[in-house]
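This briefing goes through one structure, topic by topic. Keep the sequence and the 3D view open while reading.

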Amino acid sequence: MNEINLVGTGPKKYNEKKLRLARIVSVIALFLTAISSVGLFLLNTRFSVASIKEEQTQIINQISSYNERMVKLSIINSRVLEIEQIKKQNIDYTKFIQTILDIAPTEVTVNSFEIEEKKATISISSPSLLPMSDFINELLKFADKNSKENPTISKATIESLSANDRTGNFFMTVNLEIP
Amino acid sequence: MNGKINIDLLTIRTLYTDYKPFIIPFFTILSCIIVFLIFILPQANEFFRSQKTVSEEREKLNVLKNNLSVLQTSSDSELDSQVNVLSSALPPNKNFEGVINALSYSANVTGVILGNFDFAVGSLTESPKEIQKFPYLEIELNLTGGIDQASNFLDTLSKTLPMSRVIMLGVTPSGSSVRLAFYYKPFPQAKFNENAKIDPVSKKGQVLIDELEGFSNPSNVSIPLFIGDEQASESAL
């Protein structure tokens with residue numbers, strides 16, 4: 001036999017509005033938690049150190065198969081730098097000698113011309129002192145043109161001047177310094 | 001007021017019956033707060049803290065990617081050719097054959113007769129000292145002819161491999177004497193450093209290689225025989 005409760009359940013003890021608010025807040029909290037968890041998981045997967053390291057390892061493995069090319073490129077780059085440095089040290093001695101010989105007057109005979117590193121020594125002879133003087137003047141004019149872009153002569157010194165009464169020639173030795 | 005609350009089973013049951021609909025939202029919110037505090041917040045902190053390391057590692061990754069791209073785009077035959085030219089210009093060891101060939105070639109081309117020469121070879125076994133940045137073989141030789149012949153000879157030599165430099169040049173009406181330095185340098189030790197950037201051949205480097213490719217390279221020619229003055233004169237003609 002079924003029992004029938006004739007007494008009503010009575011008025012509700014809680015506020016419906018508060019219940020709705022609690023439900024809404026719980027749903028929002030659940031949603032935010034889910035979103036932040038998934039978001040963090042994705043961020044950690046995509047931007048974690050471990051994932052980058054893994055990618056690095058893959059690339060390093062690929063690079064190691066090109067070991068020979070790597071060595072060749074390293075040799076080429078170092079050789080290029082070294083050759084450029086050697087070329088910078090080079091001085092065109094023949095051009096310098098030719099320039100000095102060109103400015104020498106025809107009456108002057110060049111007995112010897114020696115150039116080493118940044119010093120040059122030229123020995124000349126002439127039957128007259130005048131062409132020798134002209135030569136010195138030309139050297140001084142050439143030295144005046146000296147600049148950083150176009151180095152010529154930084155110093156010219158007469159080392160010796162002598163005369164030979166047998167041959168009737170004057171001899172002069174001039175030291176030149178190249179900047 | 002010293003009020004006492006009596007919590008017994010009946011009270012709990014009454015509260016449960018009265019506020020039953022609040023239980024699920026309450027526990028949901030509580031669980032979310034716990035999950036946030038215990039898992040999400042530390043993870044987020046860790047993530048933001050690791051971003052510096054991540055950016056450093058990402059930079060390394062970019063370098064590696066760039067290195068791989070450089071290596072993939074390089075051609076083996078081109079690299080071989082460039083290594084050959086540069087090694088002929090600056091040999092890895094004392095290349096006597098190359099030096100003698102270069103001198104002989106320049107003399108033959110310019111019609112200059114090579115006189116006596118003195119080769120300062122140095123130790124054959126010792127590797128060049130580290131302090132000596134660019135070791136070289138020194139050779140002093142006499143040339144017949146004046147400044148024009150010497151100039152032609154040196155001009156041809158300067159466009160002939162291996163690379164050389166004039167240390168001293170002396171000219172007299174009867175002949176010239178030249179002291180030359182032929183450079184060599186051992187190859188650098190190949191060390192694989194994963195963080196090191198691999199550069200392709202620069203434009204400047206390419207220009208230099210093109211220039212060196214235009215130079216005469218008589219290294220494949222066999223060493224000429226040392227011949228007498230008369231024969232030398234004929235060959236020079």
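The model is predicted, and it scores ipTM 0.70 and pTM 0.68.

**The two chains in outline**

- Along its sequence, chain B follows the pattern α-α-α-α-β-β-α-β-β-α-α.
- In chain A the elements run α-α-α-α-β-β-α-β-β from the N terminus on.
- Chain B has 237 residues, and buried residues make up 24% of them.
- Chain A has 179 residues, of which 17% count as buried.
- For contacts in chain B with a separation of 6 or more, residues 24 or more positions apart account for 78%.
- The corresponding share in chain A is 41%.

**Confidence in chain B**

- The mean pLDDT of chain B is 79, and 83% of the residues of chain B reach 70 or more.
- Residues 221-237 of chain B have a pLDDT below 50, and this stretch has twelve contacts in the model beyond near neighbours in sequence.

**Where the chains meet**

- How many residues of chain B are in contact with chain A? There are 61 of them, and they are in contact with 55 residues of chain A.
- On the side of chain B that touches chain A, at least two residues each come from α1 (9-49), α2 (51-73), α3, α5 (147-158), β3 and α6 of chain B.
- The largest share of that side, 15 residues, is supplied by α1(B).
- By residue type, this side of chain B divides into 39 nonpolar, eleven polar and eleven charged residues.
- Strands also link the chains: β1 of chain A (residues 109-116) is joined to β3(B) by four bridges, and the two run antiparallel.
- One bridge pairs E116(A) with M168(B) in β3(B).

**Helix α3 of chain A**

- Helix α3 of chain A covers residues 67-89, which is 23 residues.
- From its first C-alpha to its last, α3(A) reaches 34 Å, close to the 33 Å expected at 1.5 Å a residue.
- Its buried residues are K72(A), L73(A), I76(A), R79(A), V80(A), I83(A) and I86(A).
- An α-helix has 3.6 residues a turn, so residues three or four places apart point the same way.
- The buried residues of α3(A) pack against parts of chain B, namely α3 (76-89), β3, β4 and α6 (203-213).

**Helix α3 of chain B**

- The 14 residues of α3(B) should span 20 Å at 1.5 Å a residue, and the end C-alpha atoms are 20 Å apart, which agrees.
- Buried in α3(B) are Q82(B), V85(B), L86(B), S87(B), S88(B) and A89(B).
- These buried residues pack against α3 of chain A together with α6 of chain B.

**The nonpolar core**

- The largest nonpolar core has 58 residues, and the members that touch the most other members are I83(A), L86(B), A89(B) and L169(B).
- Which residues is I83(A) in contact with, leaving aside its neighbours within four places in sequence? They are L86(B), A89(B), L90(B), M163(B) and L208(B).

- Is strand β3(A) buried or in the open? Of the ten residues of this strand (residues 155-164), the number buried is zero, so β3(A) lies largely in the open.
- β3(A) pairs with β4(A) (residues 169-177) in the antiparallel sense, over nine bridges.
- Within this pairing, A156(A) stands opposite L176(A) in β4(A).
- Four residues lie between the strands of the hairpin, where G168(A) takes a positive phi near 75 degrees.

**The β3-β4 loop of chain B**

- S174(B) lies in the loop between β3 (164-172) and β4 (175-183) of chain B.
- With 10 other C-beta atoms within 10 Å, S174(B) is exposed, because a residue counts as exposed at 12 or fewer.
- S174(B) is 31 residues from L143(B) in sequence and 9.2 Å from it in space, C-alpha to C-alpha.

Conventions:
Residues are numbered from 1 along each chain as its sequence is written. Chains are lettered from A and ligands numbered from 1 in the order in which they are written. This is a predicted model: local features need pLDDT of at least 70, side-chain atom pairs count only at pLDDT 80 or more; totals for chains, interfaces and linings use all residues. A residue is buried if 20 or more other C-beta atoms lie within 10 Å of its own, exposed if 12 or fewer, and partly exposed in between; C-beta atoms are placed from the backbone. Two residues are in contact if their C-beta atoms, placed from the backbone, lie within 7 Å. The expected span of a helix is 1.5 Å times one less than its number of residues. A nonpolar core is a set of buried Ala, Val, Leu, Ile, Met, Phe, Trp, Tyr and Cys residues joined through C-beta atoms within 7 Å. Ala, Val, Leu, Ile, Met, Phe, Trp, Tyr, Cys and Pro count as nonpolar, Asp, Glu, Lys and Arg as charged, and the others, Gly among them, as polar. Two strands pair if DSSP finds at least two bridges between them. pLDDT is the predictor's confidence in each residue, from 0 to 100.
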